[in-house]
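Please look over the sequence and the 3D structure shown here. The paragraphs after them go through the fold step by step.

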Amino acid sequence: MLSLALTLSLLADLGPLPMRETSRVLAETRRSLGFKISRKMVELHLKHAMRKGLAEVATVDGEPCYRVTEAGREFLRKTLGERKPVAFEPPV
């Protein structure tokens with residue numbers, strides 16, 4: 001549950017990410033923070049979050065992107081508590 005929360009938290013901080021790059025960017029960002037995780041596990045987190053209504057696919061600038069829903073933000077508040085967004089640059 002905490003691992004899913006961390007993945008959603010990063011997605012919320014980074015904003016909507018293009019679907020084709022999301023798992024790579026989130027996995028590399030988590031690894032840079034010291035967490036061992038594969039792209040496949042991040043993809044499973046995203047699928048689980050979408051089934052639970054915590055994330056959705058939206059079109060941003062004509063490209064499908066993953067983004068955290070309001071239910072996902074509430075899940076993060078309950079799981080992680082109130083927090084300020086993390087300011088960092090995602091790996092390229």
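Predicted model: local features only at pLDDT ≥ 70, side-chain atom pairs only at ≥ 80, totals over all residues.

Residues are numbered from 1 along each chain as its sequence is written, and side-chain values use heavy atoms, with hydrogens and water left out.

The chain contains four helices and three strands; helices (H or I, at least four residues) and strands (E, at least two) are DSSP runs, numbered from the N terminus. Along the sequence they follow the pattern α-β-α-α-β-β-α. Of the 92 residues in the chain, 37% are buried, where buried means under 20% relative accessible area, exposed over 50%, and partly exposed in between (1.4 Å probe, protein chains only). The chain exposes about 5700 Å², and carbon and sulfur atoms supply 55% of that area; accessible areas come from the Shrake-Rupley method with a 1.4 Å probe, and for residues only the protein chains shown count as cover.

Helix α1 (residues 2-14) packs with helix α3 (residues 39-51) at an angle of about 85°, and their axes are 10 Å apart. Axes are lines fitted to C-alpha atoms, for helices over the stretch in contact, and angles run from 0 to 180 degrees between N-to-C directions. The two helices, α1 and α3, are therefore roughly perpendicular to each other, a term for angles of 65 to 115 degrees. On the α1 side, the contact (heavy atoms within 4.5 Å) involves Ser 3, Leu 4, Thr 7, Leu 8 and Leu 11, which meet Val 42, His 45, Leu 46, His 48 and Ala 49 in α3. Six of the residues in the contact of α1 with α3 are nonpolar, four are polar and none is charged. Here Ala, Val, Leu, Ile, Met, Phe, Trp, Tyr, Cys and Pro count as nonpolar, Asp, Glu, Lys and Arg as charged, and the others, Gly among them, as polar.

The three strands form an open sheet in the order β1-β3-β2, with antiparallel pairing. Strands β1 (17-18) and β2 (55-60) stand at the edges, each with a single partner strand, so one side of each has no neighbour in the sheet. Two bridges join β1 to β3 (residues 63-68); two strands pair if DSSP finds at least two bridges between them. Leu 17 has Tyr 66 in β3 as its bridge partner. Helix α3 packs on the sheet, touching β2 and β3, and its direction makes about 95° with that of β2.

The loop between β2 and β3 holds Asp 61. Asp 61 is not a glycine, yet has a positive phi of about 55°. Asp 61 is exposed, with a relative accessible area of 79%.

Note on methods:
Parallel < 35°, antiparallel > 145°, perpendicular 65-115°, else oblique.
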